[in-house]
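Try each task before you read its solution.

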Amino acid sequence: MGNTRKYLFIALLVAQGVTIGLLENMIPYPFAFAPGAKLGLANLITVISLFTLRKRESFLLIWLRLLLTTLLGGTISTFLYSMSGALLSYLGMILVKKLGPQRVSIIGISATGGFLHNVGQLLVASFIAQSWSVMLYLPILSFLGILSGIVIGIAANYLLTRVKTLQEFQLSHEKNN
């Protein structure tokens with residue numbers, strides 16, 4: 001696969017992730033009992049990148065998405081929360097993915113990411129607030145993160161099995177690993 005095609009694919013995924021993230025920021029928080037909780041729809045792009053790109057490239061995609069989303073509609077604090085959640089989620093999903101498709105599905109990988117994203121954000125919130133009491137949100141956010149991760153995993157699985165371009169990148173990725 002040519003470098004130009006690969007970088008164009010990465011750019012398109014970044015653009016899609018930024019667009020989804022900005023649109024999601026416009027939606028009022030759907031969970032009144034968990035202030036700040038969002039669906040995390042832009043993580044669909046991260047999950048797809050795990051199955052279509054090398055680790056270095058998907059890591060680049062995450063950073064570009066975080067930076068552009070922050071520049072276009074965020075603050076330093078939103079960047080810190082997003083970054084901590086995205087990095088912990090990404091590392092966790094990579095580790096779980098190493099278990100192999102016989103042991104864990106894309107849905108399980110995505111659910112792990114949804115859970116760890118909230119853990120990362122709550123750790124930063126605890127550090128900023130200088131109090132572990134922020135972690136009391138963990139049970140509620142864990143449930144929501146896992147539920148959202150399952151939905152995103154189902155969507156990613158559907159896209160990876162139905163979209164020809166994603167299938168081509170996935171096959172190329174599997175040959176290189």
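Helices α6 and α7 are therefore roughly perpendicular to each other (angles of 65 to 115 degrees count as such, under 35 as roughly parallel, over 145 as roughly antiparallel and the rest as oblique). This is a predicted model: local features need pLDDT of at least 70, side-chain atom pairs count only at pLDDT 80 or more, and totals for chains, interfaces and linings use all residues. Residues are numbered from 1 along each chain as its sequence is written, and side-chain values use heavy atoms, with hydrogens and water left out.

**Exercise 1.** Find the angle at which helix α6 and helix α7 pack.

Step 1. Locate the helices, which are DSSP runs of H or I with at least four residues, numbered from the N terminus. Helix α6 covers residues 138–162 and helix α7 residues 164–176.
Step 2. Read the geometry. The angle is about 90 degrees, and the axes lie 5 Å apart.
Step 3. List the residues that meet. L159, L160, T161 and R162 come from α6; K164, L166, Q167 and Q170 come from α7.

**Exercise 2.** Decide whether V96 is buried or exposed.

Step 1. Take its relative accessible area, 18%.
Step 2. Apply the cut-offs: buried is under 20%, exposed over 50%, partly exposed in between (1.4 Å probe, protein chains only). V96 is therefore buried.
Step 3. Look for partners beyond four places in sequence. V96 is in contact (heavy atoms within 4.5 Å) with V104, I109 and T112.

**Exercise 3.** Classify L68 by its relative accessibility.

Step 1. Find L68 in helix α3, residues 55–73.
Step 2. Its relative accessibility is 36%, so L68 counts as partly exposed.

Conventions
Helices (H or I, at least four residues) and strands (E, at least two) are DSSP runs, numbered from the N terminus. Axes are lines fitted to C-alpha atoms, for helices over the stretch in contact, and angles run from 0 to 180 degrees between N-to-C directions.
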